[in-house]
Amino acid sequence: MAQKSGHSLRPKEARFSSTGLQENVGGLLAYSLVFISGFVLLMVEKENDYIRFHAMQAIVVFASFFVFGMTVNLIPIIGPMIALFTVPVALALWVLLMIKAYKGERFHLSGLGKVAEFQLKQMK
């Protein structure tokens, strides 16, 4: 089989975490139960920065959605309508983040991804 100069035709090797999960599977699982799975993976994964990042980002993003939804619901009449519109946004973001994590991308949401990185650095 021909090989291009400087490039291997072999697929990228799977990297595993201290929990035995492949990186991409761990990243996907971090978002699976929104911020709950993020907390669990952040507690059990001690070494793999990729999985820890996605776990922290899941916590930051979906806890923010939760707090926003609870706060907006306190506004009479229009609050529940605003909260209702956040559900499809949160769902689309949830699916996008799981896909990106499974593909092996360290996908940062603009502001919240930076918060997640900062929090991880503070934990070290």
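I looked up Phe 62 to find its contacts (heavy atoms within 4.5 Å). Leaving aside neighbours within four places in sequence, Phe 62 touches Tyr 31, Val 34, Phe 35, Ala 90, Trp 94 and Leu 97. The model is predicted, so local features need pLDDT of at least 70, side-chain atom pairs count only at pLDDT 80 or more, and totals for chains, interfaces and linings use all residues. Residues are numbered from 1 along each chain as its sequence is written, and side-chain values use heavy atoms, with hydrogens and water left out.

Next, the core. I took a nonpolar core as buried Ala, Val, Leu, Ile, Met, Phe, Trp, Tyr and Cys residues joined through side-chain atoms within 4.5 Å. Buried means under 20% relative accessible area, exposed over 50%, and partly exposed in between (1.4 Å probe, protein chains only). The largest such core has 21 residues; Phe 62 is among those with the most contacts inside it. Helix α3 supplies the largest share, 10 residues. Helices here are DSSP runs of H or I, at least four residues, numbered from the N terminus.

Then I checked the aromatic pairs. Rings of Phe, Tyr and Trp (its six-membered ring) pair if their centres lie within 6.5 Å; planes under 30 degrees apart are stacked, over 60 edge-to-face, the rest tilted. The whole structure holds three. Phe 35 and Phe 39 have ring centres 6.4 Å apart and planes at 85 degrees, so they are edge-to-face. Both lie in helix α2, four residues apart. Phe 39 is partly exposed at 41%. Phe 35 and Phe 66 have centres 6.1 Å apart and planes at 55 degrees, so that pair is tilted. Phe 66 lies in helix α3, 31 residues from Phe 35.

How values were computed:
Helices (H or I, at least four residues) and strands (E, at least two) are DSSP runs, numbered from the N terminus.
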